[in-house]
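Hi,

Here is the structure I promised to pass on. Have a look at it first, and my notes follow below.

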Amino acid sequence: MAAQRRGAPKAPEGSGAAERRRPSSTKKDRAPRDVWRTWLRAVGLGSGLVVAALLLWSSLGAEDGVTEVLARRGEVLVGRFIEVPCSEDYDSHRRYEGCTPRRCGRGVTDTVITREDAERIRSIAEKGLSLGGSDGGASILDLHSGALSVGKHFVNLYRYFGDKIQNIFSEEDFQLYREVRQKVQLTVANAFGISPSSLHLTKPTFFSRINSTEAQTAHDEYWHAHVDKVTYGSFDYTSLLYLSDYLQDFGGGRFVFVEAGANKTVEPRAGRLSFFTSGSENLHRVEEVRWGTRYAMTIAFTCNPDHGITDPAFWEPGPRSAPGGPGPRPS
């Protein structure tokens with residue numbers, strides 16, 4: 001009987017022979033798989049970063065519950081006005097026919113002064129505030145009363161520095177200040193259909209400088225919602241002249257009109273004027289500044305001539321009194 005041919009015996013699992021018969025994975029075979037895995041990891045990481053960025057952008061846009069932007073920094077507005085129902089705040093004060101608000105609202109314009117004039121006005125604020133400044137995030141300079149933030153307190157600029165003031169400011173500074181105030185007054189009067197002569201500049205009218213430094217006193221807590229007519233009493237019309245740019249000079253720091261479920265914001269832009277009637281129909285606040293420095297000027301008007309103040313003069317000998325109480329609140 002012929003002998004039957006037998007196949008080669010199977011090598012045990014894991015033996016070298018079995019491994020030799022198995023197709024081997026060369027570097028050439030592994031390279032495409034490695035590239036594919038690296039690409040997938042990169043795509044996954046990139047997608048995660050995109051999602052995180054979108055979430056961050058969403059959270060910043062939704063800060064303070066803002067649902068509508070009334071004026072974006074990139075816009076140049078000839079004029080935008082929104083009428084709102086007047087509150088009853090004015091009823092508890094003496095009324096002045098033809099001036100006390102009966103038509104209430106809020107407006108924004110970028111055509112009252114140029115950006116160059118805004119830079120010049122800002123330089124006045126910078127020179128004055130270089131003499132002091134708050135230990136916290138909000139500093140005030142009031143050229144009318146002389147109030148200046150220094151550390152945790154206010155000092156009287158004119159008494160504290162005396163004749164040195166003439167080396168800080170110039171007559172041209174104060175002339176520009178008066179010219180800008182007059183333009184703002186005319187704009188507010190025209191927007192609300194009243195005579196400019198019915199409006200009287202009132203206190204406090206001041207420069208504000210806000211940065212991200214942690215608050216040290218109540219004066220630094222500028223972000224609380226408030227009503228100007230309630231806070232100051234004399235205010236009938238409030239205006240804010242912005243002297244720096246949102247997202248260019250500072251982050252955060254937008255002005256917010258607080259409304260139930262529908263807060264609205266104005267993004268500061270150098271030379272932009274925002275103005276509104278001062279009652280609780282325009283409850284408002286400022287977002288906390290997260291980085292950089294925000295400059296603005298608050299210019300307030302009253303219908304009551306007894307509460308009026310004059311423009312500051314370059315040099316008036318004699319003491320001026322710094323404000324008491326809670327102090328000006330930046331807006």
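F257 counts as buried, at 1% relative accessibility (buried means under 20% relative accessible area, with a 1.4 Å probe and protein chains only). R106 lies over the face of F257, 4.1 Å from the ring centre (for Arg, CZ must be within 6 Å of the centre and within 35 degrees of the ring normal).

A word on the source: this is a predicted model, where local features need pLDDT of at least 70, side-chain atom pairs count only at pLDDT 80 or more, and totals for chains, interfaces and linings use all residues. Residues are numbered from 1 along each chain as its sequence is written, and side-chain values use heavy atoms, leaving out hydrogens and water.

The whole structure has 13 aromatic pairs. One of them is Y177 with F207, edge-to-face at 6.0 Å centre to centre and 70° between the planes. This pair links distant parts of the chain, with Y177 in helix α6 and F207 in strand β8 (helices are DSSP runs of H or I, at least four residues, and strands runs of E, at least two, numbered from the N terminus). Both Y177 and F207 are buried. Ring pairs also join F81, F192, Y237 and F275 into a cluster.

Happy browsing!

Definitions and conventions:
Phe/Tyr/Trp six-rings, centres within 6.5 Å; stacked < 30°, edge-to-face > 60°. Buried < 20%, exposed > 50% of the residue type's maximum accessible area, 1.4 Å probe, protein only.
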